[in-house]
There are 2 protein chains.
Amino acid sequence: MLISKLGEFGLIERFNKRIKLDASVVRGSGDDCAVLAFNKNQFQLFTCDMIVEGVDFMAKTDPYLVGRKAIAVSISDIASCAGTPRHCVVSLGLPRKSKVAFVDRLVSGMLDMARKYKINIVGGDLSRADKLVIDVSMLGIVEKKKLALRNQAKIGDIIFVTGSLGGSIRGKHLKFSPRLKEARQLTKRFKLHAMIDISDGLTQDLGHILEQSKVGAVIYENLIPVSRDARDIKEALYMGEDFELLFTLSRADAKKLLRDRSGTYKPIGEIVERIYGLELVNKHSGKKILKIKGYQHFK
Amino acid sequence: MLISKLGEFGLIERFNKRIKLDASVVRGSGDDCAVLAFNKNQFQLFTCDMIVEGVDFMAKTDPYLVGRKAIAVSISDIASCAGTPRHCVVSLGLPRKSKVAFVDRLVSGMLDMARKYKINIVGGDLSRADKLVIDVSMLGIVEKKKLALRNQAKIGDIIFVTGSLGGSIRGKHLKFSPRLKEARQLTKRFKLHAMIDISDGLTQDLGHILEQSKVGAVIYENLIPVSRDARDIKEALYMGEDFELLFTLSRADAKKLLRDRSGTYKPIGEIVERIYGLELVNKHSGKKILKIKGYQHFK
């Protein structure tokens with residue numbers, strides 16, 4: 001049987017079933033970051049992301065943007081757990097024929113991103129590879145009380161997203177700013193119920209929250225902020241690589257947030273009982289059950 | 001200019017010069033692990049290693065051994081800082097046509113190694129890649145007093161290695177047991193001055209200790225434990241992937257260790273003033289200045 005039959009998430013699930021963890025692991029695989037015991041008031045967050053030429057960027061992509069993205073995707077994972085990134089290590093697989101100027105620009109992208117978000121690049125590994133591959137592992141910290149995971153959405157919660165969705169492939173996936181500041185603002189004022197970053201598409205990532213929180217959701221088509229870069233609503237629902245935050249708040253907290261009239265946080269729906277699955281409401285055509293799908297490797 | 005002109009270490013140096021670190025980093029890039037502030041008595045260790053098909057293993061290598069190696073190389077890094085491995089994350093780049101049975105066996109190799117050394121696999125990332133690539137990032141802890149680095153070799157120290165060297169390509173590089181137990185035994189009894197694991201060849205890795213400790217060394221050809229798998233002394237000096245420990249002890253500690261008559265720890269020479277560089281003594285032909293060389297990517 002080929003892995004394409006199981007798909008990315010089937011394969012991950014198969015892997016995770018075999019893993020045993022000790023008590024120092026608060027949460028292992030299955031969220032944006034692993035959560036580890038750290039000190040009295042804080043957890044440590046640990047995440048890794050691999051980006052590959054031909055999949056996450058093209059051979060002709062400006063290496064500065066590739067380096068930038070390699071760091072940014074991990075920051076986004078730390079942000080979606082409401083943490084602060086601290087340190088990272090970088091593994092680089094470089095083709096033998098790479099030019100020094102190319103690597104310099106790649107490194108500039110990484111360093112600028114790391115500097116902007118106050119992250120120490122503390123080590124790495126260099127290897128030869130046929131195509132460029134970069135893996136970044138990042139450590140962060142989070143106050144125990146503020147930790148946001150995928151499994152705490154509650155029935156009645158309002159679902160929000162930051163920014164706008166869809167069409168990221170036309171540029172945003174290489175230039176996005178991880179929503180670290182926004183996550184921090186939110187956790188200062190509210191108890192976030194569930195949070196994830198949208199990397200594989202709104203429905204698929206909302207699907208992770210629903211599955212892990214054992215709930216359902218209704219989202220409203222006219223409320224979904226579709227990016228100017230998106231060709232249609234479908235790209236906003238399924239395309240992925242938006243690196244926006246998707247989170248749920250109690251109704252009381254949602255009301256407070258809505259009173260701000262901030263352009264950044266947009267309500268798109270609400271959490272309902274699990275039995276309803278994921279429904280999309282269109283004001284003309286009515287309710288429709290959405291198939292949860294989005295970007296998957298190997299498909 | 002191509003990166004092959006700078007070579008792996010030239011490229012790393014070029015990268016490192018541009019990095020700035022804050023005070024929470026005890027030691028950044030340049031050792032087997034990064035060393036981070038953790039708690040009153042312990043530091044945290046952080047390391048990553050990428051292994052790539054066609055470079056670190058072949059397409060036809062048993063995937064169980066590939067998975068095993070992916071975890072083992074990082075354990076070896078933690079061991080050479082005298083630490084205890086705790087958690088790791090795994091990024092996997094898999095060809096689309098991979099079979100589930102292949103991935104299952106790869107994962108078995110990783111899980112068995114992790115279980116044996118009591119390491120939690122707490123997360124990961126899955127991506128598509130043309131050739132198999134695995135990156136493992138590992139966290140460990142080390143008592144502050146026991147931390148062993150590359151930069152503390154002292155003139156007069158005796159240089160030791162564990163096990164035997166050379167010919168690793170004929171099997172050992174896929175089957176080695178990281179020297180975690182040995183590192184722990186050593187740190188219990190002695191204050192290790194400098195330590196590194198031999199991944200790129202004895203002279204090259206000893207070269208790292210010499211450079212960072214600002215010292216020289218004399219090693220004795222007849223004392224170097226040449227593996228049965230090695231064709232000649234050159235493979236023991238230069239081949240790499242031995243994953244043995246190379247460390248230095250004060251003369252007093254060295255005497256104590258030698259009194260054990262353990263077969264595991266073999267003295268191979270001593271630390272001298274920097275001006276002497278790295279000398280190899282052959283009892284027939286006398287002294288010879290060794291060129292520091294070993295495995296390098298991109299060459």
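Guide: The terms are taken up one by one below. This is a predicted model, in which local features need pLDDT of at least 70, side-chain atom pairs count only at pLDDT 80 or more, and totals for chains, interfaces and linings use all residues. Residues are numbered from 1 along each chain as its sequence is written, and chains are lettered from A in the order in which they are written.

Visitor: Why are helix 1 of chain A and helix 3 of chain B called roughly parallel to each other?

Guide: Their axes (lines fitted to C-alpha atoms over the stretch in contact, with angles from 0 to 180 degrees between N-to-C directions) cross at roughly 20°. Angles under 35 degrees count as roughly parallel, so these two helices are roughly parallel to each other. The axes of helix 1 (residues 3-16) of chain A and helix 3 (residues 100-116) of chain B come within 11 Å.

Visitor: Which residues make the contact between these two helices?

Guide: A:Ile3, A:Leu6, A:Leu11 and A:Phe15 make it with B:Val100, B:Val103 and B:Val107; contact means C-beta atoms, placed from the backbone, within 7 Å.

Visitor: What classes do the residues of this helix contact fall into?

Guide: Seven are nonpolar, with no polar and no charged residues. Val, Leu, Ile and Phe are among the residue types that count as nonpolar.

Visitor: How many residues does the contact take from chain A and from chain B?

Guide: Chain A gives 57 residues and chain B gives 57 residues. Strand 5 of chain A supplies the largest share of the chain A side, nine residues. That side divides into 30 nonpolar, 15 polar and twelve charged residues.

Terms used
Helices (H or I, at least four residues) and strands (E, at least two) are DSSP runs, numbered from the N terminus. Angles under 35 degrees count as roughly parallel, over 145 as roughly antiparallel, 65 to 115 as roughly perpendicular and the rest as oblique.
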